[in-house]
Amino acid sequence: MPGKVRSHINQNESLLFERSSPGKKGYQLPDLDVPAVDPAAALGAENTRREIEDFPEVSEVEVIRHFSRLSTWNYGIDLGLFPLGSCTMKYNPRVNELVARTEGLAWAHPYQPPEVAQGAMEVMAQLEAALAEITGMDAVTLEPAAGAHGELTGVLMIRAMLESRGNPRRKIIIPDSAHGTNPATAAIAGYGVANLKSNDKGVIDLEALSRMVDEDIAALMVTNPNTLGVFEEEIAKVTALMHSRGALVYMDGANMNALVGITRPGDFGVDVMHLNLHKTFSTPHGGGGPGAGAVAVKSHLEPFLPAPRLTRLDGRWNWNWNRPQSIGKVRAFYGNFGVLVRALAYIMAHGGPGLRQATLDALLNANYIRKGLEPYYDLPYQNPSMHECVFSDDRQAKRGVRTMDIAKRLIDYGFHPYTVAFPLIVRGALMIEPTETEGKQELDQFIEAMVNIAKEVENDPLFVLKAPYDTRTSRVDEVAAARKPVLRWKREDAGPAD
Amino acid sequence: MRYLPKSDTERGQMLDTLGLDSIEQLYSHLPPDLLLKRPLNLPAGKSEYEIVDYFRARGDENAVGYASFLGAGVYHHYRPVMVDVVVSRGEFLTSYTPYQAEMAQGTLMTIFEFQTMICQLTGMDVANASMYDGSTAVPEAAMMARRVTGRDKVLVARTVHPEYRMVLDTYSRYEGAPVAEIGYDSESGTLDFAALEGKLDGETAAVIIQSPNFFGCIEDWRRAAALAHAEGALLVYVFTEAVSLGLLEPPRDADIVVGELQSFAHPPSYGGPFAGIMATREKFIRQLPGRLAGETRDSNGNRAFCLTLSTREQHIRREKATSNICTNQALIALMATVFLSVYGKQGLRELAGQNLSKAHYLADGLKPRFTAPFFNEFAVRANSRSPEEVNAELLKQKIIGGLPLGRFYPELSGCLLLCATEMSKRPAMDAVKKAIA
């Protein structure tokens with residue numbers, strides 16, 4: 001069987017600004033069917049710009065070559081395994097791209113009257129219902145634009161609810177294994193952060209938690225499975241404890257891909273959670289976004305959901321803005337609708353049994369990788385893995401090779417690296433999440449690559465330290481980039497910046 | 001399930017390797033009382049054809065084939081074919097945030113180009129890799145101004161998009177940061193400078209204005225900046241119609257520019273996903289939220305790009321980060337970059353010029369409610385009929401009229417906000433004029 005990669009010719013390409021030359025055009029506008037208006041006369045000379053200095057001028061052919069060439073310097077799920085832990089890089093079904101571009105959906109304006117927006121509203125209502133069923137929660141808002149935005153929405157709702165009871169409280173407990181967005185979100189919502197140290201098994205220490213929860217604590221933000229890929233087996237006791245002290249439980253749903261069809265957060269006491277539709281529900285990451293961060297709540301939080309809410313009256317959908325207890329709006333309009341269309345298409349394609357099978361395959365893949373790599377890499381926590389497994393670079397570090405170096409070497413084998421140095425509770429973490437998208441062959445190649453690298457580290461650690469070798473760009477100097485930031489192109493003869 | 005690549009034989013082989021008899025054993029350690037003991041109550045999986053058919057039917061329940069004169073923060077602009085050709089490439093579409101620079105130079109270089117174009121369009125020194133949208137960029141700008149000035153109070157013009165102000169309220173309320181609104185001059189439709197002067201003081205972190213404002217009118221950002229700066233406050237300039245940047249003098253006196261990029265190649269999409277921008281002056285770089293791509297070298301001395309200044313961000317700083325923002329809107333920003341490459345220096349200006357001409361044709365013969373110069377939208381009072389009646393009549397002709405302004409401005413309840421773009425055709429514009437006049 002051939003290995004995963006072999007190098008090939010790769011085109012060089014300049015920045016668009018360096019390709020530009022005056023008078024080149026890639027566009028043609030239709031002839032105006034109305035009289036042309038003089039900008040300076042209509043807008044005032046002081047409001048009218050003379051030109052857009054140094055803006056590019058290129059032809060259509062140059063545009064397609066430019067972006068096609070740049071695309072070949074990238075890696076995506078379409079090319080192979082993308083094992084970033086906590087990111088759930090699964091296949092992005094292409095039919096989802098097609099349906100999101102359906103004319104009546106893509107060109108619907110958010111202010112068009114409800115009588116000509118019923119289809120868009122129906123899509124949102126269907127998705128809300130499906131996500132409520134999957135999570136075991138009572139109501140869902142699709143308004144937040146991303147996971148971290150969903151976190152903020154959820155925490156603001158917790159605050160609003162506690163305020164309505166008379167005391168918003170001051171702090172949120174966050175385990176030391178949590179995503180960085182959790183404490184950042186708590187801070188933006190006006191809460192202090194109480195850091196909960198995980199126990200020696202890497203999970204929530206129920207006794208330590210119990211000692212922390214007093215009348216100052218508004219909520220616990222918990223990720224389940226946690227960032228080690230381990231299910232918090234005492235989660236029901238954790239949620240019961242929080243509730244008994246008048247506090248709430250927020251669940252970061254980043255790892256929901258481990259649970260769909262098996263267990264539901266609503267059934268183990270979670271009050272509010274977000275779902276990353278660009279993780280569990282397959283909408284493309286697109287190099288960093290757009291995502292969508294649906295938030296699901298139990299009924300006691302429903303009055304605080306962002307406005308407006310979909311309501312059905314006389315067989316028709318409408319937007320209800322009369323929501324006196326709502327936290328308000330967290331973004332304009334109703335949500336990342338185009339992303340929502342894709343998520344619903346994903347759910348429809350799977351159906352209930354298909355979603356469950358996807359979860360099982362994700363678990364199978366993670367455990368298969370764990371089994372294959374355990375003899376070669378240190379596994380600091382031995383609990384059963386769900387959808388991801390986390391190794392440490394302990395053995396390799398003794399040879400001077402760290403997790404980032406192993407990651408860079410992995411690129412030469414044709415794989416995107418795993419998540420590097422996270423979670424923080426593992427020294428030199430290698431966090432690996434294969435998702436259900438991979439077949440046995442791709443997994444075997446990945447395991448083989450990782451095993452080879454472990455052997456390389458034993459035999460020739462210096463070699464690994466200088467990887468990657470086969471990419472068009474060798475190890476990038478990130479330190480220099482931060483020391484003297486160059487964040488935009490400037491014409492060389494433009495003179496010193498002010 | 002067709003997206004799952006494994007055969008049962010493969011699953012069996014993998015389970016053998018794990019020493020398991022059944023796939024269910026993978027979660028046998030979960031407490032039994034937490035397990036879902038029934039199938040999810042969802043319809044069975046659908047074929048590709050059924051899915052396409054379903055969404056086509058839902059699309060047909062919306063306004064397919066209608067002319068639209070809605071703007072108000074979301075605009076109908078033609079999308080060059082090249083945009084979808086580029087963003088459909090799996091290497092862009094299915095890639096992740098470019099943390100691993102050696103494997104993501106394509107995304108990183110396009111972000112660097114995007115940041116440059118945003119600087120060129122806004123007259124700022126530095127722009128980030130994008131925000132969720134224009135509305136969330138406003139509270140992010142307010143938070144940034146508070147960090148820069150060490151002050152709390154924010155003044156926002158009532159002519160800033162009403163939904164953007166609602167978002168600002170949501171964020172600010174829980175930070176305990178006061179937000180006060182500045183009214184508009186009821187004749188010109190622009191910022192009431194007397195009111196601004198009255199409320200500006202040494203406690204003010206930022207003055208937030210929008211131009212073209214919600215009524216389409218051009219604001220005097222020079223005067224607003226001079227007033228803000230005299231009190232040590234920052235001027236935040238907001239735009240919702242990015243195409244206006246092709247013609248309007250960039251707000252060079254502003255300290256932070258935020259806005260919505262939807263006009264650059266994203267369809268209205270019932271309100272999202274869009275992409276926001278945030279640009280500022282060099283001296284405020286370290287207070288900027290969100291991702292930044294920077295130029296550097298690789299170990300062979302070749303030009304390379306990477307994400308940089310990440311010590312501002314949540315994954316490093318946790319609760320001390322500049323923002324909790326994690327994702328940007330890379331693919332939408334890429335759409336905008338392709339769009340701007342296609343139009344280029346001359347095309348964007350020409351495109352903006354067509355928008356200006358169409359809107360002025362539409363306004364010609366009507367009586368715009370306000371006197372200030374406008375770009376491609378304007379408020380107008382319907383003669384003798386309510387906006388709703390006008391819109392109902394237009395809807396019968398497969399025309400979606402303007403936004404009734406009373407919804408957000410009770411004092412303008414007789415007015416419509418109308419928008420024309422390069423996609424507005426003369427016969428439909430004539431029908432709108434007839435319905436209103």
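This is a predicted model: local features need pLDDT of at least 70, side-chain atom pairs count only at pLDDT 80 or more; totals for chains, interfaces and linings use all residues.
Residues are numbered from 1 along each chain as its sequence is written, and chains are lettered from A in the order in which they are written. Local features need pLDDT of at least 70, side-chain atom pairs count only at pLDDT 80 or more, and totals for chains, interfaces and linings use all residues.

**Exercise 1.** Check the span of helix H14 of chain A, then state what covers its buried residues.

Solution. Helices are DSSP runs (H or I, at least four residues), numbered from the N terminus. The expected span is 1.5 Å times one less than the number of residues. For the 20 residues 440-459 this gives 28 Å, and the end C-alpha atoms are 28 Å apart, so the two agree. Buried means 20 or more other C-beta atoms within 10 Å of the residue's own, placed from the backbone; among such residues of H14(A) are Leu443(A), Phe446(A) and Ile453(A). Their cover includes H11 (337-373) and H13 (403-412) of chain A.

**Exercise 2.** Describe the side of chain A that touches chain B.

Solution. Contact requires C-beta atoms, placed from the backbone, within 7 Å. By this rule 172 residues of chain A meet 157 residues of chain B. H11(A) gives the most to chain A's side, with 24 residues. That side divides into 95 nonpolar, 45 polar and 32 charged residues.

**Exercise 3.** Locate the domains of chain B and their contact.

Solution. Bounds come from an automatic or database domain assignment: domain 1 is 67-79 + 345-436 and domain 2 is 81-338. Their centres, taken over C-alpha atoms, are separated by 27 Å. The contact takes 26 residues from domain 1 of chain B and 25 from domain 2 of chain B.

How values were computed:
Helices (H or I, at least four residues) and strands (E, at least two) are DSSP runs, numbered from the N terminus. A residue is buried if 20 or more other C-beta atoms lie within 10 Å of its own, exposed if 12 or fewer, and partly exposed in between; C-beta atoms are placed from the backbone. Two residues are in contact if their C-beta atoms, placed from the backbone, lie within 7 Å. Ala, Val, Leu, Ile, Met, Phe, Trp, Tyr, Cys and Pro count as nonpolar, Asp, Glu, Lys and Arg as charged, and the others, Gly among them, as polar.
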